[in-house]
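I opened my notebook for a quick look around this one. Here is what I looked up, in the order I went.

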Amino acid sequence: MSYEIVHTFGFSVYLVFLLMFLWTYRVPRTNPGSGWWAASISFALLARLTLVLLIPSGDMKLIVTAYAVLNVLEKPLLLTGLCRFLGIDARERWFWIAAAAAELWLLAAWTQDASTLARSLGYSVTNAGFMFAIAWFSYQRRNDSKGWLHMTAAASAAMGVHWLVGPVVIDFQPGWFKTGFVLGTILVSLQYLSLLGAMLTLFQRRLVDAEAKALDMAFLDPLTGLNNKRYMNTLFDHALLLATRPHHMVAIFYIDLDNFKPINDTAGHHVGDEVLKAIAARIKGIVRSTDICARVGGDEFIVIGTQLESENQAFEVAKKLLAQMMQHVQVGDRQYLLGASIGISLYPLHARDLHKLIQCADSAMYQVKRNGKSGYEIYKAQPGGEPQLQAVG
Ligand SMILES: Nc1nc2c(ncn2[C@@H]2O[C@H](COP(=O)(O)OP(=O)(O)OP(=O)(O)O)[C@@H](O)[C@H]2O)c(=O)[nH]1
């Protein structure tokens, strides 16, 4: 393989990585590593460019030294990017001290006219140290990008060995230089590829999590995990699709807890929250999976019972709900006794749209409260169109 092919491959791949890291650096909420990696790959690119530009001069001392000086600067940037990416609180100034020591070594070797091996050894050992540190950190700290980070660890460890043994081998076998150069180019490409993959995987995971959270917030009540009022409207339309058979009904149960406020007042809001969660779990536990349960206010819940065939079935459900609400709720080592007032309205008997059905169930619920709480009633319109309530519980 000719040097032209290796350089063309190296330039193209490094340039693509540089552009990708610059691009991801600008995307909000991507990881802070990308900016550092854009800087580090720039130095790798620059080192390679210097190599190509200086080769016509034929001054090997100048070529190798200029290449090494730029190549060393890539490493602390690369490692800093990894630490930022993985959230490692490393003493980053040591990275720069190590890089400065390598640069000094190169300067000393230049002025002392040291042998190629002596010149290479100082910065090769430093570079190898950086590579092993990158391998260790990527192997140790695993996030969602585990697979990619394993690849970083493997490529970096190989790169570390490459830097350690390369100068010695080439000193004995100068003909192997090109093979080592090709190998180095491949390993660096794999390193950056895996870092880019790790970063994009993490970014994707964050997007998926944020989307799931946003959906939860849009559809669910954060305290109880039941549906919220907004989503209940959508679900109601689906419930109507199930009530296609002529005798099918949909029942709205408006549940308002009785005597909830004193729990908040005496035991505290956090205990009140636990009670609400327990009540929500009970409601969810006794209704059908196709039924809709929502929390619509502080201590108010709506259950939409689907695929009911008669008024009596709705009363059965209300009876079960009430029985659950009348049982003690245990929070810590204390028990609390509540109760519930439940108003019922039926689709299509009382109304056809959810808003009116809720109004009917709500007024039936208030009638239960007026009658002394802890019971259920169904809404019944008066013959003249005025609401009339029929007590059933
Ligand atoms: N712990 C807790 N309390 C809440 C929450 N939202 C509203 N509340 C409280 O719930 C209480 C509801 O008031 P009421 O319905 O009048 O209380 P009640 O004692 O059940 O009254 P009756 O329905 O007449 O029996 C209020 O004190 C609200 O501050 C919440 O998310 N958590």
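I began with Asn259, which counts as partly exposed because it has 14 C-beta neighbours inside 10 Å. My cut-offs: buried means 20 or more other C-beta atoms within 10 Å of a residue's own, exposed means 12 or fewer, and partly exposed is in between, with C-beta atoms placed from the backbone.

A note on the source: this is a predicted model, where local features need pLDDT of at least 70, side-chain atom pairs count only at pLDDT 80 or more, and totals for chains, interfaces and linings use all residues. Residues are numbered from 1 along each chain as its sequence is written.

Back to Asn259: I found its phi near 55°, a positive value in a residue other than glycine. Asn259 sits in the loop between E1 and H9. I take helices (H or I, at least four residues) and strands (E, at least two) as DSSP runs, numbered from the N terminus.

Gln307 belongs to strand E3, residues 300-308, and is partly exposed, with 16 other C-beta atoms within 10 Å.

I then looked up the cis peptide bond: it joins Tyr347 and Pro348, with omega about 5°. Pro348 is in the loop between strand E6 (340-347) and helix H12 (354-370). A reminder to myself: most residues other than glycine have a negative phi, and most peptide bonds are trans.
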